[in-house]
Amino acid sequence: MVIAFLRGKNKLFSTSEQQSFIIAYANENAIAIEMTEIDNDLSSQRLENRQDLLKTLHSMTAGDTILIYDLWVFSQKVGELAKVFDCILRHEIIVHICKQELIINNDIPLGVMVNLLSEQRERNLISQKKQMGRPKGSISKSKFDKYKSQIVTMIQEDLTVSEIAKRLEVSRSSLKDYINSRSLKEIALSKVHQRHTKTQSQVFVLPDPNECPLIDKKV
C-alpha cells in the first residue's frame, strides 16, 4: 500500500499544495499512490494524541510506503520525530520525504538521520529566538558542516574534542565552538541512540527497546 499523508491545519503549506507536490514526485518516480490521508489534528497536540497519524500508521504493514511533503508533516519536535522514525523502521515501513527527495528505510545510513534531526533542531532554536523577541538571525554555514555526521559518531564513541580535532586535522577551539553551537553532544548522547552492534542495520531506539507505543496494535 502506498499512502500520501498530508498535514492540515498548519501555516506552512495547504493540503492542496502538499498534494500537488507529492503527486508530481510520485509520477516522476513511477510510484502509484493508492490512498490519501490528512492529519487534521492541531499541531499543538502531543504525538501520542494525534489520532489521524496513529490511525494511518496502524493501517500499514511491512513493505508499505508513506509519502510526505516535508519532515514537519510528522512533527517539528526532534523527540517526536525520533519516536516516529523508530517505530516506522521497526515495522519496515518506507517513508519518502518528497521535498528533499529522500527515502527513509532500514538501509539509510545513521549519519543521514542524524543530519535530519540536527537540522530540525537548529530550525527550532532559531524559531524560538524569534518568538522570544531576540534579534533575528540564523546559524551560518561552517566549514565543519561536511563533518557533522562523523563528529556525532565520534562523540557517541566517547572521543574527546581534542581526539576528534586530531582525526579531522582541525583546530580544537574552533571545533569545540562548532559542537557547542550545533548542540551536537546533546544530539549524539540524548536524542539519538545507536545500537551497539556490528551489523549494517543501524536504527534509532526508544528508551525501552521492547516497546513501540505509536504503531503496536492493542490485542
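## The largest pocket

The lining of the largest pocket holds four nonpolar, eleven polar and nine charged residues. Here Ala, Val, Leu, Ile, Met, Phe, Trp, Tyr, Cys and Pro count as nonpolar, Asp, Glu, Lys and Arg as charged, and the others, Gly among them, as polar. This is a predicted model, in which local features need pLDDT of at least 70 and side-chain atom pairs count only at pLDDT 80 or more, while totals for chains, interfaces and linings use all residues. Residues are numbered from 1 along each chain as its sequence is written, and side-chain values use heavy atoms, with hydrogens and water left out.

The pocket has a volume of about 740 Å³. Its lining has 24 residues, and Leu12, Trp72, Gln76, Gln120 and Asn124 lie nearest the centre. Helix H4 (residues 110-131) gives the most to this lining, with six residues. A pocket is an open set of points on a 1 Å grid over the protein atoms alone, where a 1.4 Å probe fits, with protein on both sides within 12 Å along at least five of seven lines; lining residues have an atom within 4 Å of a point. Helices (H or I, at least four residues) and strands (E, at least two) are DSSP runs, numbered from the N terminus.

## The nonpolar cores

The largest nonpolar core has 29 residues. Ile66, Ile68, Phe74, Val95, Ile97 and Ile104 touch the most other members. Strands S1 (2-7), S3 (65-68), S4 (94-97) and S5 (102-104) each give two or more residues, as do helices H2 (51-58), H3 (78-90) and H4. H3 supplies the largest share, seven residues. Apart from this core lies another, of 17 residues, among them Leu110, Val152, Tyr178 and Ile179. A nonpolar core is a set of buried Ala, Val, Leu, Ile, Met, Phe, Trp, Tyr and Cys residues joined through side-chain atoms within 4.5 Å. Buried means under 20% relative accessible area, exposed over 50%, partly exposed in between (1.4 Å probe, protein chains only).

Ile68 is in contact (heavy atoms within 4.5 Å) with Phe5, Ile22, Val73, Phe74, Val95, His96, Ile97 and Cys98, leaving aside neighbours within four places in sequence. His96 sits in strand S4 and is buried, at 9% relative accessibility. With the sequence neighbours within four places left aside, the contacts of His96 include Tyr25, Ile31, Thr65 and Leu102.

## Aromatic pairs

The whole structure contains seven aromatic pairs. Phe74 and Phe85 form one that is edge-to-face, 6.2 Å centre to centre with 85° between the planes. Phe74 lies in the loop between S3 and H3 and Phe85 in helix H3, so the pair ties together parts eleven residues apart in sequence. Phe74 is buried, at 0% relative accessibility. Phe85 is buried too, at 1%.

Ring pairs also link Phe13, Phe21, Tyr69 and Trp72 into a cluster. Rings of Phe, Tyr and Trp (its six-membered ring) pair if their centres lie within 6.5 Å; planes under 30 degrees apart count as stacked, over 60 as edge-to-face and the rest as tilted.

Asp41 lies in the loop between strand S2 (35-39) and H2. Asp41 is buried, with a relative accessible area of 14%. Leaving aside neighbours within four places in sequence, Asp41 is in contact with Arg7, Asn49, Arg50, Gln51 and Asp52. Asp41 and Asp52 are eleven residues apart in sequence and 6.8 Å apart in space, C-alpha to C-alpha.

In helix H5 (residues 148-156), the buried residues include Lys148, Ile151, Val152 and Met154. Asp158 follows H5, with a positive phi near 65°.

Conventions:
Grid points are joined across faces, edges and corners, and a volume is the space filled by probe spheres set on the points.
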